[in-house]
Amino acid sequence: MAEPLLEVIGLSVDYLTDAADVRAVDRVSFTVEPGEFLGIVGESGCGKSTLLFGVTQLLSPPGEVAEGKVTFRGRDMVRLSRGELRHVRWRDFAVVMQSAMNALNPMKSIGAQFKDTLKAHEKLSAEDVRERSVGVLNLVGIDPVHLASYPHQLSGGMRQRAMIAMALLFTPQLVVMDEPTSALDVVAQRSLMTKIKDLQQTLGFAVIFVTHDMSVVSRYSDRVLVMYAGQIAEAARTEAMFARPLHPYTRGLMNAFPSVTGPRRELAGIPGAPPDLVRPPSGCRFHPRCPEVMPECASREPELYPVGDAEVRCLLYGEHATEAG
Amino acid sequence: MKYLARRGALFLVTFWAALTVNFVIPRVMPGNEAQAVLATFRNVNPAALHALEIEFGVNVHQNILISYFEYLKNCLTGQFGVTAQGVPVMTEITSKLPWTLGLVGVTTIIGFVIGTFVGILAAWRRGGRLDAILPPALFIVSAIPVFFVGLLLIYFFAVKLGWLPLGSNYNLGATPSLSLSFIGDVLDHALLPGLSLVIVTAGLWVYSMRNNMITTIAEDYVKTARAKGLSNRRVMFDYAARNAILPNLTGFAMQLGYVLGGAIVIEYLFSYPGLGYLFYTASTDHDLPLMQGLFLFYTVAVLVCVLLADFATALLDPRTREA
Amino acid sequence: MATDGSASDVAVTDGASSGEAGGAARRLLRAVLGNRKAAAGALILFVVVFMAAFPGLIAPDDPHAIIYPPNAGPSSAHLLGTTQLGQDVFSQLIWSTRLTLFVTVIVSAIATFVSMIIGVTAAYSGGVTDRVLTVITDVFLILPVLPLLILLAAYLSPGVTSLVIVLTITSWAFQARQLRSQGLSVRSRDFLVAARVRGERGIYIILVEIVPTMTSLLVASFLALAVFEVGFAASLQFLGLGNSGELMWGTMLYNAQQAAALESGNVWWALAPGAAVAFMGAGFALLNYAFDEIGNPALRPVRRRRGRAPA
């Protein structure tokens with residue numbers, strides 16, 4: 001097996017607020033293979049976006065990496081100096097944010113923003129800059145005339161595609177996306193996802209895709225991480241997870257999404273609300289809402305237990321468990 | 001374009017409002033101030049006197065609306081009446097204008113530049129020493145009334161140390177010319193008043209620029225710029241600062257009124273014979289026509305600056321061009 | 001809005017709910033004491049209020065009495081020396097606090113109140129009323145304050161009443177914009193719709209339902225105004241448009257200036273009242289600054305564990 005592209009080991013991110021230090025991401029570990037499509041799912045506030053920024057070294061105060069290693073192509077990103085990090089940015093990995101309207105500078109044209117990026121890393125002539133810019137726009141299916149347009153002049157879907165185009169300027173090996181489809185309608189969503197998948201086949205980059213939308217994840221990702229309250233609840237290959245969800249939380253998430261083609265059944269939500277991370281629940285963080293809660297869940301913190309190819313943070317699968325699921 | 005049309009309309013409305021204020025105040029205020037003042041005018045150009053009577057409603061026995069329209073007509077044709085000495089108000093104003101223009105023009109620009117720079121740096125280095133001390137310190141300084149800053153400067157530099165002159169705009173007895181020594185003299189005299197104004201305006205600017213920067217830095221596009229690997233300086237200036245300054249521009253222009261007010265006090269304090277000093281002497285002389293003319297002038301000055309700022313915003317912010 | 005590592009991303013409850021007044025007051029107190037700037041500002045204002053309330057305790061000498069040797073320097077008998085006429089400067093300073101504070105507070109309170117009425121009415125009524133009120137506000141915002149003050153003062157007889165009137169006229173527009181935005185954001189909330197359905201009249205809704213939700217903004221507005229009112233009042237009096245017989249810091253400055261105190265060496269008389277004005281202004285400014293921070297967490301001082309600037 002080839003060396004993983006990205007290895008996150010025990011990453012924790014804290015917010016240093018006036019009231020207390022909040023651990024938003026708690027000892028998260030995962031790997032990403034070259035060309036793999038990894039989905040990270042969870043409710044709002046579970047820490048998935050924070051995880052993303054922690055991995056890509058884009059945290060702003062009061063957020064800080066508290067501990068852990070993030071190894072990308074063999075180098076620990078957390079320990080890199082600012083200059084070295086800058087060199088690696090965008091060439092090796094790019095970030096696509098949630099709302100392109102907010103992620104694109106409203107006062108600069110698309111072309112100008114592409115040019116900035118190109119010039120920051122390579123010495124290119126004006127012609128080269130234009131060629132590359134046109135090239136990436138073609139990749140995502142945007143008419144090159146829009147190099148002169150400003151973000152507010154493009155439709156939502158186009159903006160998002162422009163962001164992806166910008167991410168591909170250096171054909172990086174990893175593209176990290178933070179809910180890029182949330183702001184789009186279903187049709188635009190589908191079109192964007194298909195495009196992303198296409199590009200992935202053609203250019204061969206890996207994708208980390210953070211979302212709250214299980215349906216997107218089910219269709220497009222190779223593997224899935226389910227996050228809850230700052231921790232990984234379950235990690236498995238997509239088909240396996242959807243066929244046999246292990247963690248009660250994952251099961252709850254599946255039940256909350258109707259299938260258009262499947263049989264009709266009652267929709268069930270997950271009772272309660274995500275915990276306050278200032279004072280998380282004792283033991284297993286999900287236990288107050290868990291339909292399969294056991295007495296020991298309130299006192300014992302579960303580890304990530306291996307179940308076949310997957311990993312589950314649930315005492316049901318702990319050393320003392322007799323069966324899985 | 002709609003944006004500019006709207007701002008242009010506001011300009012006209014405010015201009016009209018200022019003209020109307022000048023018409024309304026004498027009629028609304030208790031007492032017979034205006035009548036008493038105009039009675040002291042002698043040997044005055046009759047047309048000018050008549051214009052004043054219309055403006056102030058003295059000795060006028062016509063329908064108030066008729067007076068109003070005649071007054072507006074007078075204003076639009078430049079007939080603002082005369083001062084107590086019989087000098088046309090406009091002439092008086094234009095003769096003193098250059099001194100104030102120089103003083104206020106230069107200091108507000110310097111104050112704006114300093115304040116903006118410091119604000120940008122303070123916001124960029126959150127948690128650093130600069131951010132902890134400078135903005136609150138400068139904000140407090142800007143809360144100190146301008147004249148006190150002036151008094152302190154006078155005390156330290158003019159009285160105690162004797163380095164700089166106490167007042168006026170150039171040495172009495174010197175003849176104005178474009179010679180280096182005269183210019184040096186002028187600068188000498190303008191230094192303390194200018195410094196007072198710079199200190200106060202910079203303080204105002206640091207605070208709002210810093211706050212704007214902090215909000216802008218939190219925006220996603222700044223994060224994206226960092227993610228793209230752009231140099232720190234590039235992100236700070238080209239992405240954050242440039243976008244943060246824009247909302248400041250119009251505010252900058254509107255605050256000009258405050259600065260002009262401060263300049264009045266400073267000119268009084270330093271006996272600097274500009275428009276501010278003129279306003280002061282007009283008020284002690286109860287020269288109402290001159291005061292009202294000056295008030296109108298000040299308002300128009302602020303309005304023009306606001307309009308210019310609006311133009312600049314429209315030019316620099318592509319979003320307004322569509323709106 | 002930003003989706004970066006800000007607290008909105010993580011499920012952290014802020015603890016700020018629209019609870020009972022008691023809880024809010026306690027939280028406020030904790031916030032004020034916890035924030036250094038707020039504590040400093042509060043201390044300054046406490047001192048000022050004390051000076052205003054009990055001047056006799058600090059300065060037993062009669063401020064008007066013209067019995068002392070004129071232009072004397074500071075001494076144990078006269079902490080700040082005496083005026084040209086032989087009055088004790090320190091006494092005058094302390095005894096002036098009352099009227100100065102009174103004027104500042106009254107003007108800021110009335111102006112904030114008017115600002116609020118106008119802003120919220122504009123927000124609540126919408127349509128033409130909103131447009132008209134907004135234009136009026138904008139116009140007043142552009143009219144330069146001190147020139148207008150001087151102009152108005154020329155017509156009125158100098159004194160505290162005129163001072164309060166002219167200051168209020170020129171200051172009410174200052175915060176109207178912010179208050180209107182806040183009013184707009186509150187306008188469509190459920191409890192307002194409920195009130196309308198109940199048939200309550202507009203004024204009732206404005207005063208009883210909307211205004212209480214805006215208390216923090218109102219306090220912030222009051223503070224922001226107070227910072228500048230004390231300076232404007234003093235400036236006006238300094239220029240000679242006040243009543244030099246009234247005991248205020250501004251009139252003290254005027255008298256000192258008329259007597260050319262600074263040039264002739266009576267430095268304390270010339271500078272002390274100005275310092276007092278700056279002192280009070282600083283107190284309000286500190287509280288205002290801290291209030292901004294308390295209200296907007298993004299502006300608060302940032303702690304770093306390892307002291308790195310963003311990479």
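This is a predicted model: local features need pLDDT of at least 70, side-chain atom pairs count only at pLDDT 80 or more; totals for chains, interfaces and linings use all residues.
Just after H1(A), A:Gln57 adopts a positive phi of about 60°.

**The sheets of chain A**

An open sheet of 8 strands in chain A has the order S6-S7-S8-S3-S9-S10-S12-S11, with mixed pairing. Strands S6 and S11 (305-307) of chain A lie at the edges with a single partner strand each, so one side of each has no neighbour in the sheet. From one strand to the next, the twist averages 20°.

Within this part of chain A, strand S7 (residues 174-178) is mostly covered, with 5 of its 5 residues buried. In a regular strand the side chains alternate between the two faces of the sheet. From S7(A), A:Leu174, A:Val176 and A:Asp178 point one way, while A:Val175 and A:Met177 point the other way, and all are buried.

S7(A) pairs with strand S6 (residues 93-96) of chain A in the parallel sense, over 4 bridges. In that pairing, A:Ala94 is opposite A:Val175 of S7(A). S7(A) is also joined to strand S8 (residues 206-211) of chain A by 5 bridges, and these two strands run parallel. Here A:Val176 has A:Ile208 in S8(A) as its bridge partner. S7(A), helix H7 (residues 186-203) of chain A and S8(A) together make a right-handed β-α-β unit.

Another open sheet in chain A consists of 4 strands in the order S2-S1-S4-S5, and its pairing is antiparallel. Its edges are strand S2 (21-32) and strand S5 (75-76) of chain A, each with a single partner strand, so one side of each is left without a neighbour in the sheet. Strands of a sheet pair through backbone hydrogen bonds, either parallel or antiparallel. Strand S1 (residues 6-16) of chain A pairs with S2(A) in the antiparallel sense over 8 bridges, and A:Val13 stands opposite A:Val25 in S2(A).

| Strand pair | Sense | Bridges |
|---|---|---|
| S1(A) and S2(A) | antiparallel | 8 bridges |
| S6(A) and S7(A) | parallel | 4 bridges |
| S7(A) and S8(A) | parallel | 5 bridges |

**Chain B**

The secondary structure of chain B amounts to 14 helices and 0 strands. Taken along the principal axes, the C-alpha atoms of chain B fill a box of roughly 75 × 55 × 40 Å. Chain B has 323 residues, of which 50% count as buried. Among its contacts between residues at least 6 apart in sequence, 73% join residues at least 24 apart.

One helix pair in chain B is formed by H12 (residues 275-284) and H13 (residues 288-316), whose axes come within 8 Å and cross at roughly 145°. The crossing of H12(B) past H13(B) is left-handed. On the H12(B) side, B:Leu275, B:Leu278, B:Phe279, B:Ala282 and B:Ser283 take part, meeting B:Leu290, B:Met291 and B:Leu294 in H13(B). By class, this contact has 7 nonpolar residues, 1 polar residue and no charged residues.

**Contacts between chains**

Chain B touches chain C through 56 residues, which are in contact with 51 residues of chain C. On the chain B side, the elements that give two or more residues are helix H1 (2-28), helix H6 (129-143), helix H7 (146-160), helix H8 (180-217), H9, helix H11 (256-269), H12 and H13. H13(B) gives the most to this side, with 10 residues. By class, the side of chain B that touches chain C has 37 nonpolar, 12 polar and 7 charged residues.

Towards chain A, 20 residues of chain B are in contact with 21 residues of chain A. Helix H9 (220-227), helix H10 (232-254) and helix H14 (318-322) of chain B each supply at least two residues to the side that touches chain A. The most comes from H9(B), with 6 residues. By class, the side of chain B that touches chain A has 5 nonpolar, 5 polar and 10 charged residues.

Technical notes: Residues are numbered from 1 along each chain as its sequence is written. Chains are lettered from A and ligands numbered from 1 in the order in which they are written. Two strands pair if DSSP finds at least two bridges between them. Axes are lines fitted to C-alpha atoms, for helices over the stretch in contact, and angles run from 0 to 180 degrees between N-to-C directions. A crossing is left-handed if the near helix is turned anticlockwise from the far one by less than a right angle, and right-handed if clockwise. Two residues are in contact if their C-beta atoms, placed from the backbone, lie within 7 Å. Ala, Val, Leu, Ile, Met, Phe, Trp, Tyr, Cys and Pro count as nonpolar, Asp, Glu, Lys and Arg as charged, and the others, Gly among them, as polar. A residue is buried if 20 or more other C-beta atoms lie within 10 Å of its own, exposed if 12 or fewer, and partly exposed in between; C-beta atoms are placed from the backbone. A crossover is right-handed if, with the strands pointing away from the viewer, the path from the first strand over the helix to the second runs clockwise.
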